[in-house]
Amino acid sequence: MSLFIAWPWLALIPAVTFLALYPGSRRKRVAAAGLLWGAYGAYEYGMQRRWLCTGECNIRVDLLLLYPALIALSVAAVVAVIRARRPTAR
């Protein structure tokens, strides 16, 4: 995950991927994951440019909350996409 700190634009990859998968799945979790990844990318870019951080930003306690939330929502979105693509049993 430290890749996203060095290169915040990489967060656009999962954001665009989830948003592209949303129309096919029509699951809100998938759209939420895409939007959250996009918001995280913007947040991380602001932190990198020191717009959102005054002074010393080396200790990032915020990531203890953000990373588990991103991972959990991403897993839930992947599961939602897989379930949406499975044929329904009749």
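Let's start at Ala42, which counts as exposed because its relative accessibility is 52%; here buried means under 20% relative accessible area, exposed means over 50%, and partly exposed lies in between, using a 1.4 Å probe and protein chains only. The model is predicted, so local features need pLDDT of at least 70 and side-chain atom pairs count only at pLDDT 80 or more, while totals for chains, interfaces and linings use all residues. Residues are numbered from 1 along each chain as its sequence is written, and side-chain values use heavy atoms, leaving out hydrogens and water.

Ala42 belongs to helix H3, residues 28-48. The protein chain has four helices and zero strands, where helices (H or I, at least four residues) and strands (E, at least two) are DSSP runs numbered from the N terminus. Read from that end, the order of elements is α-α-α-α.

Now step back to the overall shape. Along the principal axes, the C-alpha atoms of the protein chain fill a box of roughly 60 × 20 × 20 Å. The radius of gyration of the protein chain is 15 Å, whereas a compact globule of 90 residues would have one near 12 Å; the radius is taken over C-alpha atoms, and the globule rule is 2.2 Å times the number of residues to the power 0.38. Of the 90 residues, 31% count as buried.

Next, the charged side chains. Side chains of opposite charge can pair when their charged atoms come close. A search of the whole structure finds two salt bridges, each being a side-chain nitrogen of Lys or Arg within 4 Å of a carboxyl oxygen of Asp or Glu. In one, Glu44 pairs with Arg60, with the closest N and O atoms 2.7 Å apart. This pair links distant parts of the chain, since Glu44 is in helix H3 and Arg60 is in the loop between H3 and H4, 16 residues apart. Arg60 also meets Asp62 in a salt bridge, at 3.1 Å from N to O. Shared partners join Glu44, Arg60 and Asp62 into one network. Glu44 is buried, and Arg60 counts as buried because its relative accessibility is 15%; Asp62, at 23%, is partly exposed.

Finally, find Arg86 in the segment after helix H4 (63-85). Arg86 counts as exposed because its relative accessibility is 55%.
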